[in-house]
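The tour goes from the whole chain to single residues.

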Amino acid sequence: MFHFTSLEDGKLAKAEGIICYRFKNRLGLRQALQLADGIHQNGNKDLALLGDTVIKLVLVKEGLRRHATRGQINNVVSEKSSNAYLAQRGFSTGLAECVFANRAQGNTIYPGPMASTMEAIVAAVFNDSEEETPVVKGVMEALGVSWPE
């Protein structure tokens, strides 16, 4: 069985509080919060790839549910899934404090990796919830990455 350190447990618990979701298997969240470094060569990049697609899927589904035009849907997807927007939301929610950073970069979290972490978290929730998009939608709402009202 895999055991987390108390530092890891604290970061994972804080992240769960921010996203308003409790993981059945915290290993997925741990992977989502890991930036690439010498030990974790890809870090959360594989999860981020999936998360980017899941974010777009949830936004498109919501736009269709609201009978938005294709243009409106494309505008919302472009804005809310952009790296700049995702990074800003990650920093403003406090998730940067939960990230396992690359020590070689002085533990600084840059916007690109923060955006990837946001995508990876969405993917980790998608996987942990057994692909339940309503659950993912709730996490996206908690992160401010949802359809505008």
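For the charge count, Lys and Arg are taken as positive and Asp and Glu as negative, while His and the chain ends are left out. On that basis, show the charged side chains: the protein has 16 positive and 16 negative charges, and their mean positions lie 3 Å apart. Note before going on that this is a predicted model.

**Whole chain**

Switch to cartoon. From the N terminus, the order reads α-α-α-α-α-α-α. The C-alpha trace spans about 45 × 30 × 25 Å along its principal axes. Its radius of gyration is 15 Å, which agrees with the value near 15 Å for a compact globule of 149 residues. Among contacts between residues at least 6 apart in sequence, 68% join residues at least 24 apart.

The accessible area comes to about 8,000 Å², and carbon and sulfur atoms own 53% of that. Of the 149 residues, 48% count as buried.

**The largest nonpolar core**

Hide the surface and look inside. In soluble globular proteins, nonpolar side chains tend to be buried together. Here the largest nonpolar core holds 45 residues. Select Ile19, Leu33, Leu95, Val136, Met140, Leu143 and Val145, the members that touch the most other members. Then colour by helix: helix 1 (6-19), helix 2 (26-32), helix 3 (45-65), helix 4 (70-80), helix 5, helix 6 (111-128) and helix 7 (133-143) each supply at least two residues of this core. Helix 6 gives the largest share, 10 residues.

Stay with Val136. Which residues does Val136 contact, leaving aside neighbours within four places in sequence? They are Val54, Val58, Val122, Val125, Phe126 and Ser129.

**Helix 4: Val76**

Select Val76, in helix 4. Its relative accessible area is 9%, so Val76 is buried. Beyond four places in sequence, Val76 is in contact with Leu59, Ser81, Trp147 and Pro148. Draw a distance from Val76 to Trp147. The two are 71 residues apart along the chain, yet their C-alpha atoms are separated by 7.0 Å.

**Helix 1: Glu8**

Next, go to Glu8, in helix 1. Is Glu8 buried or exposed? Glu8 is buried, because its relative accessible area is 12%, under the 20% cut-off. Leaving out residues up to four places away in sequence, Glu8 touches Arg30 and Phe100.

**Helix 5 and its end**

Select residues 83-93, which make up helix 5. The buried residues there are Tyr85, Leu86, Ala87, Gly90 and Thr93. Step on to Gly94, which follows helix 5 and has a positive phi, near 90°.

**The loop between helix 6 and helix 7**

Finish with two glutamates. Glu130 sits in the loop between helix 6 and helix 7, and Glu131 lies in the loop between helix 6 and helix 7 as well. Most residues other than glycine have a negative phi. Where does phi of Glu130 lie? The value is near 60°, positive in a residue other than glycine. Glu131 also has a positive phi, near 65°. Now check their accessibility. Glu130 counts as exposed, at 64%. Glu131 counts as exposed too, at 53%.

Definitions and conventions. Residues numbered from 1 in each chain as written. Predicted model: local features only at pLDDT ≥ 70, side-chain atom pairs only at ≥ 80, totals over all residues. Heavy atoms only, no water. Buried < 20%, exposed > 50% of the residue type's maximum accessible area, 1.4 Å probe, protein only. Helix = DSSP H or I, 4+ residues; strand = E, 2+ residues; numbered from the N terminus. Core = buried A, V, L, I, M, F, W, Y, C linked by side-chain atoms within 4.5 Å. Contact = heavy atoms within 4.5 Å. Rg over C-alpha atoms; globule rule 2.2 N^0.38 Å. Areas by Shrake-Rupley, 256 points an atom, 1.4 Å probe, with all protein chains shown as cover. Charge placed at Lys NZ, Arg CZ, Asp CG, Glu CD.
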